[in-house]
Amino acid sequence: MLAAVVIGGVLCPAWLTLRRHTRALAAFNSAVATYMMYDVGKARQMFSDVARDYEDLSIGALADLKAAFLVYDEQKDLDEAERLFKRFLEDHPETLLHLPETPENFEYHGELQLVAWYFLGQIAEDHGHAEDANRWFRRITDAGSRNPANYIVSEARAIVARKQRAEKHP
Amino acid sequence: MKQANTRSRVDGKWRAEASTQSPGLAIFLIIGAVASAITWEGLFFGHAMSDAGAQRPVIRTAMNADELGGGTEVSWDTIEIKQFHDYANKQGWEDTELIVTRFVGEDDTIKYIAGQIAGVSPDVIIASRDQISFFDAHGLIEPLDPYLEKWADYRDGKFDASMLDACRGREGKILGIPVYQNSPNVYAIRADWLKTLGLEAPETLEEAREVWRAFTFKDPDGNGKNDTCGYGVTMETRRGGHLYSLRPFMGAVRVTWYRIDDAGRYVPTFNTPEAAFVLDFIKSCVEEGLFGADVMVRPPGSVTRRFFAEDDLGMAGPFFVDWFANLANRYGMEDKVAFVPRLWKDTAARTANHYGTFTYLTRMRCLMRASPNKELAWRYLEYFFSQEWLSKYVSRRGLPFVRGRYLGQFGVFRAETPWRMVRHDVFPEVSLDENIVAMVRPLEQHLQHTPMMTHWSQVSVELAETFVDYYLGKYESAAEALDVAEIKFNRIVHGTEGDR
């Protein structure tokens, strides 16, 4: 009897945790699917819902970034996007890693803060604030890994290199 | 051997058709008996059975699952079916049903045969040149010429004729349609090493050898270690990989591996003094250690990795620029590497503009002769190669599948950029750097297209083995190695030793 209680006490929370992860992933994938099928507004709302419902999981944080990305990329609302990316950094002051949970080929894996820094750099660039932009991109190259699979770091590195070349040969 | 395909459709619209198939297929009946036990991914047989009660015309396509993305609940099947139906509705074909099936694993050929035997073969397949050549040799492919000629888009010159010419089989018919062509191949070189050593980028093979010597022996990375080499070559023979390494050098002297003569026979074309020159050039570089001391024992597929990740190769190739730019960016080497568009054989060749190079086409979509309603199946190709669909296919975020990748990568999207589309009126949204295009464009005049050949995978292994044996001293001369290679070619392709 005691053994059953102990086993149940251990397994039950583990099962609930696993089930919650699965639900979060399914909700995230539904939002991706909605975007793929062209319903951007609904996709953004779904990502925001995932971010709200699973704020303690890395996939919730990733969903938060996706929602902010859609504001930047689809709505072209630079001020709102900047606010969202900055809020993300305030909400997640410590390094936050998102690691692969599914065999996805194309999803971002790695430090999530780098994504926010990258888009704050892009937004600064779009506003014509080249110095600010440079600071954000350099922050990524200084802090990010050298892993070539991290395309946010690779892209930031390429931008910094291009800027350096342009400075040398204006 | 003539076999009647006795398939029929319940709607009564489609008649049973007879198909002529060569004796070679009999061998595969045996393989097929085994292969039919291999599971095709879910939908294939499932749809074949559920189709029995269907009253709608059905088109089945089959492609390799490896080419597809995954990970979201919107599968390629769902996407393509929806896209096809949207297009079909506009064309007035709203009752046509599309069933997308997938092969799992690498060997599409055997699985296709298994499907044939099971009587559930697809109408359209997406396959490699080797596979298509095999199917063609066994009379399984329906030539597309008559269908294309009825299509206004083709008659109006919307398609790239040279690209379609590269898809012709032994009888000169168009067997399939690719989506795009990669760029002509180029070399990549460590621009930073050249600068350190005070050297210029080479333009001829002899100049290249001088640069490779410096890269190998003059410590270009300045770390005080003997840990660099001039050029990356693979000696891997299992899949004929060494021939891929040789290809740009053979191209430089305009040597091809084979051609098709007027009688439709494959004729080896590589046994020439120019090819012997290339083998001798490679052998001398091996002996000097310019490809690295471990060149004979290096694991396959490592040239690209060594150039970009391990940082110990001074020059490498062949690369397609659309792919190379992506890799250079990912490895943070954008400002360390440069292109060498070509290496001439010598200054005389440069003066005479005598050069050859190659490229690749994407996998082709083909119509199968066993399709019970080929006119209907052609609709799929008309849809897929329409301006509307192809434009989505190459746009940054138009196609649902591409959108998934685009979102996944936060818009930092570095897919391969098609060099040339099969349609003149489709333009990839992500364009290549103008300077790179200007550098590579002149190479197009030197492109050499190789005809498709069923036996190529086997022949390429034998040729690679022979050439590597020559570098290792098994043959007295390059000419002798080429004679042996030609005999092997003829034995495999024609079952004889040829005229020699």
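Predicted model: local features only at pLDDT ≥ 70, side-chain atom pairs only at ≥ 80, totals over all residues.
Reader: How do you know what span to expect for α20 of chain B?

Author: The expected span of a helix is 1.5 Å times one less than its number of residues. Helix α20 of chain B (residues 456–471) has 16 residues and reaches 22 Å from its first C-alpha to its last, close to the 22 Å expected. Likewise, α21(B), with 17 residues, reaches 24 Å, close to the 24 Å expected. After α21(B) comes Gly495(B), whose phi is positive, near 75°.

Reader: Which residues of α20(B) are called buried?

Author: A residue is buried if 20 or more other C-beta atoms (placed from the backbone) lie within 10 Å of its own, exposed if 12 or fewer, and partly exposed in between. In α20(B), the buried residues include Trp456(B), Val459(B), Leu463(B), Phe467(B) and Tyr470(B). An α-helix has 3.6 residues a turn, so residues three or four places apart point the same way.

Reader: What do the buried residues of α20(B) pack against?

Author: They pack against α5 (129–137), α11 (241–252), α12 (273–288) and α21 (478–494) of chain B. From the other helix, the buried residues of α21(B) pack against β11 (266–268), α12 and α20 of chain B. Among the buried residues of α21(B) are Leu482(B), Val484(B), Glu486(B) and Phe489(B).

Reader: Why is Pro372(B) placed in its burial class?

Author: Pro372(B) has 20 C-beta neighbours inside 10 Å, so Pro372(B) counts as buried. Pro372(B) sits in the loop between β14 (364–368) and α16 (374–384) of chain B.

Reader: What about Phe308(B), buried or exposed?

Author: Phe308(B) has 21 other C-beta atoms within 10 Å, so it is buried. Its place is in helix α13 (residues 303–310) of chain B. Leaving out residues up to four places away in sequence, Phe308(B) touches Leu327(B), Tyr331(B) and Met333(B), where a contact is a pair of residues whose C-beta atoms, placed from the backbone, lie within 7 Å.

Reader: What makes the phi of Arg254(B) worth a remark?

Author: Phi of Arg254(B) is near 60°, a positive value in a residue other than glycine. Most residues other than glycine have a negative phi, and most peptide bonds are trans. Arg254(B) is partly exposed, because 17 other C-beta atoms lie within 10 Å. Phe410(B) has a positive phi of about 50° and is not a glycine either; with 22 other C-beta atoms within 10 Å, Phe410(B) is buried. On the peptide bond side, the one from Gly317(B) to Pro318(B) is cis, with omega near -5°.

Reader: How many residues does the largest nonpolar core have?

Author: It has 117 residues, and Val124(B), Ala188(B), Val278(B), Leu279(B) and Cys366(B) are those with the most contacts inside it. A nonpolar core is a set of buried Ala, Val, Leu, Ile, Met, Phe, Trp, Tyr and Cys residues joined through C-beta atoms within 7 Å. This core draws at least three residues from each of domain 1 and domain 2 of chain B. Apart from it lies another core, of 54 residues, including Tyr35(A) and Trp117(A).

Reader: How do you know where the two domains of chain B lie?

Author: Domain bounds come from an automatic or database domain assignment. For chain B the assignment gives domain 1 as 2–181 + 362–433 and domain 2 as 185–356 + 455–494. Between them, 9 residues of domain 1 are in contact with 10 residues of domain 2 in chain B.

Conventions. Residues numbered from 1 in each chain as written. Chains lettered and ligands numbered in written order. Contact = placed C-beta atoms within 7 Å. Helix = DSSP H or I, 4+ residues; strand = E, 2+ residues; numbered from the N terminus.
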